[in-house]
Every structure is written in C-alpha cells, then in structure tokens.
Amino acid sequence: MTTLGQNLKINPDRLWDSLMDMAKIGPGIAGGNNRQTLTDADAEGRRLFQSWCEDAGLTMGVDKMGTMFMTRPGTDPDALPVYVGSHLDTQPTGGKYDGVLGVLAGLELVRTLNDLSIKTKHPIVVTNWANEEGARFAPAMLASGVFAGVHSLDYAYGRKDPEGKTYGDELKRIGWVGEEEVGARKMHAYYELHIEQGPILEAEGKQIGVVTHCQGLWWLEFTLTGREAHTGSTPMNLRVNAGLAMARILEMVQSVAMDHQPGAVGGVGQVFFSPNSRNVLPGQVVFTVDIRTPDLAKLTAMRARIEAEAATICEALGVGCSVEAVGHFDPVTFDPKLVSSVRSAAERLGYSHMNIISGAGHDACWAAKVAPATMIMCPCVGGLSHNEAEEISKEWAGAGCDVLLHAVLETAEVVG
C-alpha cells in the first residue's frame, strides 16, 4: 500500500465553507440551526448535500428510512465499501457542527481524493443517516437502528412527533422515501467524525479524541397521573400532585447518578405539564429520564433503582406512574484495529491526541453491531453542544478531517 505522508491533508477552507453554507439552511434564532428531521429545512439540506456529492462524482442511493448513501467507486468491484458519515438533522435549538461535521468531512475527504487523483481498492460511501437526533421522532439514531436490525421499519414509520405526525408520513411528504431495503448494504468498516460535545479535549489541550468506547443509555419516559385541581383552593393534604412526584423523582435520579460515580450521569431535559396552567395542579406530567454510563452493570442497576424508587414515590402521593423505555443501547467497544488506525493517523500527522469515551450516542453505535466501526472527535468550545452557541474552530475541524482521511485511506487501501 502507498505510504501516506503527513503532507497529505484536506482543504480546511473548503470544508469550513461547506459547513457555513449548510448552516444557512434551517437557521435558528440565535446563530445555530433548527433543521429537525423530515422538515422542509431537512429536505432542503438533503438537496444541497446531494448536489455537492453529485458534483464530486458520487452516486446516490437512498433507503426506505431516507438515509442517503453517496458512493465513490473503488477499483475492486467485489470489495466491500468503507463508510463514513453522520447526520444533517439538528436539535430544535442545535448548533452548526453536531453531526454536520461528520457528513461534510466525508464529502471533503472525497473531494481531496479527487483533487489528488487517489484511487482506493474499496469504495467509499459518504452517509447521511436520517433522524439521528431523535428530537422530533424518538428514539435517537432511528434510521441506523433500523439498519442494524435493532428496530423494525414498521416501528420506525409509526413513531410520532409531538403533533402526532408519523415518521412514515413525513418521509413521504418531503419526498425522500428510497427504494433500498434498510440494512441490505454490507460494510467493510465505518468511521464517524464528530465534535466531542463535552469539555475534555479542550481542557486537556488535545486536537484529536481517539474514541475507544461509547456510553450505554436508557431513555425512560415517565407518565405520572394526578388530579387537576385549583392551586389556591385545594388543601395540601387533599392534593394528588403529579408535579410534586416529578420533582421528587428528579431529585432521586440525581442521587442515583451520584451513587454510581465515577462514570455515570443522569438527568431530565424534557417535561410536559398538562394542562400547564399557572393555577391548576397538573393532572398529568410526562418527562424523560436520561441515564448513561460505559459500564453495563451500572446502567442496568441504575435503571432498576430509578423505576423502583419512582414507584414508591408515586404510591406515597397517590399518583399513577407508568414507564416506557423510548431509547436504549448498551455500551459499545469500538473496533481495536480501526481505533489503532485513528491513533496512528493522528501521530503521523503530528496532532496531539488522547483516548476518549463518547458521552453521547451516535450512529456509529448501531453501525458497530454490523461492521467494524469507530469514531474520531475534535474539541468544541466549552464542551457546549445541543445549543445554538455550539462552536468549533476551522483548525479543529481540519485536523479531525485530516485524521479521518488518513484512517479511511489505510482501511480502503490506496491503489498505485
């Protein structure tokens, strides 16, 4: 195989310009993006990405979940492709880089290979996974989950957004239902570049995170049923207060996470009160508990304790309690050979690096069930993500893409 020297790098200005151009689609209200999955903005972003890929000579395939696969052929027609990618959908108040960097870095990788007339034995496929965020249609990583056989297509199509619209209907509405069976593709390997979404790399002064593992996760959706009543005229001892039960559960989740330190987190980011009136005690409260850890035993124990103690809390207050698991994946150990390729690429390029565990879930977690997979991370300012103020530098993005380029070329095998 051709030796890859440290002078082989992507064009960071071109990558940055692509990021900024994509950010113009589905702008947020505070400098970020609101390009939620299967919205008109998502469809527009997909079309822009498609046009860029076709200009770079890539051929598009789309599966029945709406995931886009853009292929650069290899020299061996029998060689399985190396996949790179992430997602273009965002949170309602999302940043310009979460997910998007991984997709457009894949495109920049291809553009660089075209510029230098570099051929690979294995095809390279740049992927835009549908509905990674799960902000509109839970659970997160929905399309890659169907691809990996974790969810059925019928289950995914039936997922509803807060307005009751289904994934299947909205996918048809925006015109992105593909013909490919989901999961029919076979992968030689999968790489995903992503911003860290945490503060460790910046705090340690490292340019590259070599991702060895991904935390496991449970999303537990609680529905608490109380009794609507006037907040001023209902005596305290006669209340069936679902809001109070929620508050005690939130405090309990904090205690459970702290009792499982180190390496465990838990919290609540979404709450719906009904009827959500200032002077009416809620008759129903729906909220989602998010717990994560790279230790499977801890993850299992945390879930069991939270569900048991929540039931006790609600029983004491006379509040009904039901729980539905709306998102889950076990901790992931990424492929050691691909991890080594990432580390070697960073060393060859002279970029400072460290091993890191991903605190967030990614499409790579499901890809790892069907193929060797790993991730690369770059820092983000203050560790801030899922926020319109999310920020990275052109240099961080370029370094991450350089490492991606070298690792992918080692796996895809340069010809000539």
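Helices here are DSSP runs of H or I with at least four residues, strands are runs of E with at least two, and both are numbered from the N terminus.

**Figure 1. The whole chain at a glance.** This is a predicted model, so to speak for itself: local features need pLDDT of at least 70, side-chain atom pairs count only at pLDDT 80 or more, and totals for chains, interfaces and linings use all residues. Residues are numbered from 1 along each chain as its sequence is written, and side-chain values use heavy atoms, with hydrogens and water left out. The protein has 12 helices and 17 strands. Its radius of gyration (taken over C-alpha atoms) is 22 Å, close to the 22 Å that the globule rule gives for 416 residues, so the protein is as compact as a globular protein of that length. That rule is 2.2 Å times the number of residues to the power 0.38. Along its principal axes, the C-alpha trace spans about 80 × 45 × 40 Å.

Figure 2. An unreviewed UniProt entry lists residues 215-313 as "domain: Peptidase M20 dimerisation". UniProt positions are given in the numbering used here, feature names are shortened, and annotations may be inferred rather than shown by experiment. Over residues 215-313 the chain is 36% helix and 34% strand, with the end C-alpha atoms 28 Å apart.

**Figure 3. Helix α8 against helix α9.** The axes of α8 (residues 242-259) and α9 (residues 296-317) come within 10 Å and cross at roughly 150°. Axes are lines fitted to C-alpha atoms, for helices over the stretch in contact, and angles run from 0 to 180 degrees between N-to-C directions. The two helices are therefore roughly antiparallel to each other (under 35 degrees is roughly parallel, over 145 roughly antiparallel, 65 to 115 roughly perpendicular, the rest oblique). By class, the contact holds 13 nonpolar, 1 polar and 4 charged residues. Ala, Val, Leu, Ile, Met, Phe, Trp, Tyr, Cys and Pro count as nonpolar, Asp, Glu, Lys and Arg as charged, and the others, Gly among them, as polar.

**Figure 4. Helix α3 against helix α12.** Here α3 (residues 100-116) and α12 (residues 394-412) pack at an angle of about 60°, with their axes 10 Å apart. That makes α3 oblique to α12. On the α3 side, look for residues including Leu-101, Ala-105 and Leu-109; on the α12 side, Cys-401, Leu-404 and Val-408 are among them. The tally is 10 nonpolar, 2 polar and 1 charged.

**Figure 5. Helix α1 against helix α2.** The axes of α1 (residues 12-23) and α2 (residues 40-55) come within 10 Å, crossing at roughly 150°. The pair is therefore roughly antiparallel. Ser-18, Asp-21 and Met-22 of α1 meet Gly-45, Leu-48, Phe-49 and Trp-52 of α2. These divide into 4 nonpolar, 2 polar and 1 charged.

Figure 6. Most residues other than glycine have a negative phi, and most peptide bonds are trans. In the loop between β5 (124-128) and α4 (142-147) sits Pro-139, joined to Ala-138 by a cis peptide bond with omega about 5°. Met-141 is in the loop between β5 and α4 too, and has a positive phi of about 55° although it is not a glycine. Pro-275, in the loop between β10 (265-274) and β11 (280-281), is joined to Ser-274 by a cis peptide bond with omega about 15°.

Conventions
Contact = heavy atoms within 4.5 Å.
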